[in-house]
Amino acid sequence: MNFIETHLKGCYIIEPRVFTDARGYFFESFNQKTFNEGVNQQVNFVQDNQSFSSKGVLRGLHYQTGEHAQAKLVRVITGSVLDVAVDIRPESETYGQYVAVELTAENNKQLFIPRGFAHGFVVLSDTATFFYKCDNFYNKESEGGIIYNCPEINIDWELEGIDFLVSEKDEILPTLTNARKIW
């Protein structure tokens with residue numbers, strides 16, 4: 001696996017080694033030892049989640065606060081998404097900045113999002129199956145979120161001329177300035 005640290009410290013794009021032949025392909029999508037060495041920290045995932053969505057569905061920007069903060073390892077099983085991680089660590093030099101990566105079933109890339117980041121994605125293909133690991137259990141009372149079109153962050157979601165399909169809950173999330181603090 002190839003681990004590429006983004007401009008957001010601790011946030012990595014992970015490219016697997018894919019072996020192809022006449023039968024199809026094979027790749028190792030996760031190996032605890034290789035992963036921990038690649039991201040230079042001990043991360044123990046405890047929960048796997050999966051979602052299925054149609055083109056233009058936008059989920060996010062979500063995070064968990066305090067002792068329930070979560071790191072995530074995300075990937076796409078079918079289709080393609082634009083995946084976004086926003087640094088919301090108050091002490092960070094890149095606070096309020098984001099990284100966007102196209103994750104597809106074809107490129108098999110993954111994105112590691114450490115604790116202290118908000119996360120969201122928009123579906124670029126007709127449909128997509130999105131899969132992610134979390135290093136902490138979900139806790140409803142610790143939910144945090146930032147509106148996807150926050151002018152302070154100014155994310156380019158790369159889908160022009162399409163009305164996003166966003167949940168009612170995500171439509172009323174606050175801006176970065178007014179969002180619940182991560183710690």
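Start by selecting strand β6, which gives the most to the lining of the largest pocket, with six residues. Strands here are DSSP runs of E, at least two residues, and helices are runs of H or I, at least four, numbered from the N terminus. A pocket is an open set of points on a 1 Å grid over the protein atoms alone, where a 1.4 Å probe fits, with protein on both sides within 12 Å along at least five of seven lines; lining residues have an atom within 4 Å of a point.

You're looking at a predicted model, where local features need pLDDT of at least 70, side-chain atom pairs count only at pLDDT 80 or more, and totals for chains, interfaces and linings use all residues. Residues are numbered from 1 along each chain as its sequence is written, and side-chain values use heavy atoms, without hydrogens or water.

Next, show Arg59, Gly60, His62, Lys72 and Tyr132: of the 29 lining residues, these lie nearest the pocket's centre. Elements giving two or more residues to this lining include β5 (47–54), β12 (127–134) and α2 (168–171).

Stay in β6 and click on leucine 61. The peptide bond reaching leucine 61 from glycine 60 is cis, with omega near 5°.

Now hop to asparagine 40, in the loop between α1 (32–39) and β5. Its phi is positive, about 55°, although it is not a glycine. Is asparagine 40 buried or exposed? Exposed, at 64% relative accessibility (exposed is over 50% relative accessible area, buried under 20%, with a 1.4 Å probe and protein chains only).

Last stop: asparagine 108, in the loop between β9 (98–104) and β10 (110–113). Asparagine 108 also has a positive phi of about 55°, but is buried, at 9%.
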